[in-house]
Every structure is written in structure tokens, then in C-alpha cells.
Amino acid sequence: MRKKFLPIGLALALAISFGGYWYLDYFNTNTSLATGQKVQFTVTEGMTTSDIAKLLHDKKLIQTPESFRLAAKLKGLDSRLQAGKYEIVAGMSDREIIDILSKGKVHTQAFAVPEGATINEIALKLEKNHLGSAQAFKDACKNYTPYTYMETQNPNVMYKAEGFLAPATYNIPENATEKDIVAMMVQQFNKKLTPEVRSDLQGSYMNLRDIVTLASMVEREATHKEEMPLIAGVFEKRLQKGMPIQSDTTIQYILGAQKKVVTYDDLELESPYNTYLNKGLPPGPVGNPSMDAIRAVIHPVMTDYLYFVADDQGYHHFTKTYEEHVKMIQKLNPGEVIGEAERMGEQQE
């Protein structure tokens, strides 16, 4: 009797298996739901596979909750679906959706950090894009120093992370905290310190924090990247001669906003960041520079130039003396009266 029923039992098992796979193949494809529309949904902590299946069915992303649960179980992933905010294209198969949920491939939003942007500017942009609180982002930057080269004991530094948030476009998960975002940007900066860059750094007389500080000024001064090494050379020449750097970028950093015309009153602002009143480097970076600006500081073009002024196209004209500097200003802007802001350069030459 057992021998007679064995083939029947095998045939029945095969039929059930075939039927199960046909069922999954038919219902798992979700082709009837394929609109191509992107649908967002959130899986919260504690949700079961059944809860998730019902949510997906309600969102018209799967045909039947039963087929989704069965597919997840057969793949051994029914207990590994992760919480988070997701974006699914209607028409994806159950298997594709399960793969996304099991790997925690949460929905992200692109966020660009411009070259030279300050922490204050990045914070405001984050808040405007609804990716976090500006104040919470700034608070996260105050004392964040995961790498030794970021550390400083200078009490006048506004944000220890300033200068080390790599300009780039980031895919920010919508459940990321402000601290997560800062960490992501700082890690990207560290990745950009390739063996070649680190080798160049060893040949510099400045440490990395000072290089980044000077590079942040070069970045915000330069409109055209090819001028960065020349601008860096002027700043380094002034440092060598014991002259104040006198960069408007540091005044704008104190003011907290980009100002088209810096006035004499602005130049008298009492602040350790004021490079008109104080010799040497400011306490820390005044923005987050690109690797181009950092390389320009590591490899400056050294000349006898001590001054430069930009024309209306953003190109700089370099001069050796204050008198030449004044003539250049008047040549670029005929009839312009040289004000007290420019005369501060004469006092320090």
C-alpha cells in the first residue's frame, strides 16, 4: 500500500509546489498595478510582515498581502524587514520590494553643499529643504571632531567642524538626524584625503587645520579656480612678511552674511576673526573649501604680489605695492574715490 501511495504523494507534493510557485509568480509581479508612479510610505518600528503587507496593499503596491507574506517567508526575510521611509515605484514585484525593505534602502533626498559654504549657510539650506533644524545642525557642528586633525583648543572657534564638511551632493535619508548629516559630510571630507593629498600635506609647513583655514578664504575670494594658487600665494606672502591678511571673507563670516560692499565700520568689528585688525590666521576656517582650494594652499604660486582686486567678471588683478593697487582700483572703476577701507592696506604695508 505504501509503495502505491508513494508516487501519488510525490505527485501531489509536486502539484502543490508548482501551484505555489505559479501563485507567487502570478501575484508577485504586480504588473496590473504598474503605473510608474513613485509612492512613499513609512514602516515604523514594531510592524510585522502582515502589517507591512496590509500597508503596501492599501497603497496599491502589491496585489495580495498573502502572496507578499509568503514570498518574504520563502526568502527567509519575513523577520528582517526594516523600519524607515521608503519610495517604491508602483509595479515593482513583491521580491523587489522585499529586497528594498530587507536592506533598509530608505528614501533619500539629494542635498548639495556648495563649495565655500559656511555652516550657517548649510544649516539654513537644510531647514529650507525640510531636512532638519538649522539650530540643531549648528549645535552638532560646535564640538564635533571625530578626526584628530579637526581638534583645536582655541576657544574663539565658532564651529570645530567648520571647514571639514566636504562640498558635494549627498543623498540624505529622510530619517537622518542633524548629527547623522554632519557625520556624513565630515566622513566625505576624510575620504577626499587620498594618499596623494596626505603625502602633499606632509611637505607643508602648516598643519591641516591651518591649511583648511587659509583655503576657506581662498575659496570665497576666488570666482575662477585657476586664480586660487595666486590668491593663496598673496595670503602666504603677507603671512611671511608679518602683514595682516586683510580678507573681506573673514569680515563676512563675522557678519554672518555675504555683503557686496564691506564698509570701514565693518573692518573695525572687534573679533578674533577680523584679519584687518589681527595678524596671522583667523581662529578657524570661514567656510568649507573644495579640494582645489586646499591644493592651491599646499602648492601656492609665490610672487611679489601683496594686493589684488576683482573686476566685474570676477577676475583678479594683482599688484606689488599699495600705490599700484590704488591705480588698479581706479583703472577698473574710473572715478571711484579710494575710501578708508582701502587705506587700511596702506597703513599695514
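1. A quick definition before anything else: a crossing of two helices is left-handed if the near helix is turned anticlockwise from the far one by less than a right angle, and right-handed if clockwise. By that convention, H5 and H6 cross in the right-handed sense. Keep in mind while reading on that this is a predicted model.

2. Staying with that pair: two packed helices are described by the angle between their axes and the distance between the axes. For H5 and H6 the angle comes out at about 145°, and the axes lie 8 Å apart. On the H5 side, the residues in contact are Ile-119, Asn-120, Ile-122, Ala-123, Leu-124, Leu-126 and Glu-127, and they meet Ala-134, Phe-137, Lys-138 and Cys-141 of H6. Sorted by class, that contact has eight nonpolar residues, one polar and two charged.

3. Have a look at the link between these helices too. His-130 sits in the loop between H5 (119-128) and H6 (134-142). Its phi is positive, about 60°, although His-130 is not a glycine. Is His-130 buried or exposed? With a relative accessible area of 73%, His-130 is exposed.

4. There is another positive phi to check, at Gln-246. This residue is not a glycine either, and its phi is near 55°. Gln-246 belongs to the loop between helix H10 (228-241) and helix H11 (248-255). Here the relative accessible area is 12%, and since buried means under 20%, Gln-246 counts as buried.

5. Next, the strands. E5 (residues 307-310) and E6 (residues 316-319) pair in the antiparallel sense, over four bridges.

6. Last, helix H14 (residues 322-332). Which of its residues are buried? They are Tyr-322, His-325, Val-326, Met-328 and Ile-329. Looking down the axis of H14, these buried residues fall within an arc of 160°, so they line one face of the helix. What does the face turned away from the buried side carry? You will find the exposed residues Lys-327 and Lys-331 there.

Key
Residues are numbered from 1 along each chain as its sequence is written. This is a predicted model: local features need pLDDT of at least 70, side-chain atom pairs count only at pLDDT 80 or more; totals for chains, interfaces and linings use all residues. Side-chain values use heavy atoms; hydrogens and water are left out. Buried means under 20% relative accessible area, exposed over 50%, partly exposed in between (1.4 Å probe, protein chains only). Helices (H or I, at least four residues) and strands (E, at least two) are DSSP runs, numbered from the N terminus. The arc is that of the directions from the helix axis to the C-beta atoms. Two strands pair if DSSP finds at least two bridges between them. Axes are lines fitted to C-alpha atoms, for helices over the stretch in contact, and angles run from 0 to 180 degrees between N-to-C directions. Contact means heavy atoms within 4.5 Å. Ala, Val, Leu, Ile, Met, Phe, Trp, Tyr, Cys and Pro count as nonpolar, Asp, Glu, Lys and Arg as charged, and the others, Gly among them, as polar.
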